[in-house]
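Let's take a look at how this chain folds up, one piece at a time. Have the sequence and the picture side by side as you read.

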Amino acid sequence: MSQVEVLQLLVSPAHRLAGRPSDGPSPGPSDERVTRVEVRRELGLVGDRYYARPAHRNAAVTMMASEGLPADADLRHTRRNILLRGVDIDSCVGATISLDCGTGPVVFAVKRPARPCAWMDVTIGPGAQRALRGHGGVRCTPLSDGVLTLGPATFRVVAGADTGS
């Protein structure tokens with residue numbers, strides 16, 4: 001168990017980074033970051049574009065560590081949902097983790113890496129896609145209902161390589 005910080009949460013109702021990166025992002029809200037998000041088991045984040053979509057249920061939530069990002073980048077640039085400080089989330093692929101922001105633990109199965117794409121070179125800056133390889137975050141399936149909020153949180157690997165399971 002370790003203490004981490006939830007720095008940002010992003011719930012995006014529309015897929016704004018679609019098509020060719022050279023065309024730029026589609027119009028949408030200027031800031032889709034929120035201070036609180038509801039998580040639903042096997043469905044994702046309430047209000048997000050991937051919520052309850054069958055093609056995305058195994059990877060409806062994306063998490064990323066802030067340590068891999070430039071200081072001025074944020075979730076609007078990466079299109080990830082949860083930005084954490086204090087944990088190497090990329091090393092948790094294959095594990096089951098829990099994140100508790102004080103409202104009770106929310107459990108996630110960390111399914112696979114969220115590989116950086118060409119959009120990163122547009123939204124963060126030239127060379128970002130290559131620089132974020134291996135640090136682009138992870139795609140997760142929520143295994144429980146709950147609420148995540150900004151601020152301090154407890155992070156725990158429930159099952160996986162780090163627990164000896």
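This is a predicted model: local features need pLDDT of at least 70, side-chain atom pairs count only at pLDDT 80 or more; totals for chains, interfaces and linings use all residues.

Strand β7 (residues 96–100) lies antiparallel to strand β8 (residues 105–113), and five bridges join the pair. A word on terms: strands here are DSSP runs of E with at least two residues, helices are runs of H or I with at least four residues, and both are numbered from the N terminus. Two strands count as paired if DSSP finds at least two bridges between them.

Residues are numbered from 1 along each chain as its sequence is written, and side-chain values use heavy atoms, with hydrogens and water left out.

β8 also pairs with strand β9 (residues 138–142), again antiparallel and over five bridges. Then there's an open sheet of three strands in the order β4-β3-β10, with antiparallel pairing. Its edge strands are β4 (44–45) and β10 (146–149), each pairing on one side only. Strand β3 (residues 36–40) meets β10 over four bridges. Here are some bridge partners you can find in the picture:

| Residue | Bridge partner | Strand of the partner |
|---|---|---|
| Leu99 | Val106 | β8 |
| Ala109 | Thr141 | β9 |
| Arg36 | Thr149 | β10 |

In general, side chains in a regular strand alternate between the two faces of the sheet.

Now zoom out. The chain has three helices and 11 strands, and from the N terminus they run β-β-β-β-β-α-β-β-β-α-α-β-β-β.

How much of the chain is buried? Of its 165 residues, 46% are, where buried means under 20% relative accessible area (1.4 Å probe, protein chains only). The chain exposes about 8000 Å², with carbon and sulfur atoms supplying 49% of it; the area comes from the Shrake-Rupley method with a 1.4 Å probe.

What about the cysteines? There are zero disulfides in the whole structure, a disulfide being a pair of cysteine sulfur atoms within 2.5 Å. For Cys92, the nearest cysteine sulfur belongs to Cys140, 8.8 Å away. Cys92 counts as buried because its relative accessibility is 3%, and Cys101 is buried too, at 13%.

Conventions: Buried means under 20% relative accessible area, exposed over 50%, partly exposed in between (1.4 Å probe, protein chains only).
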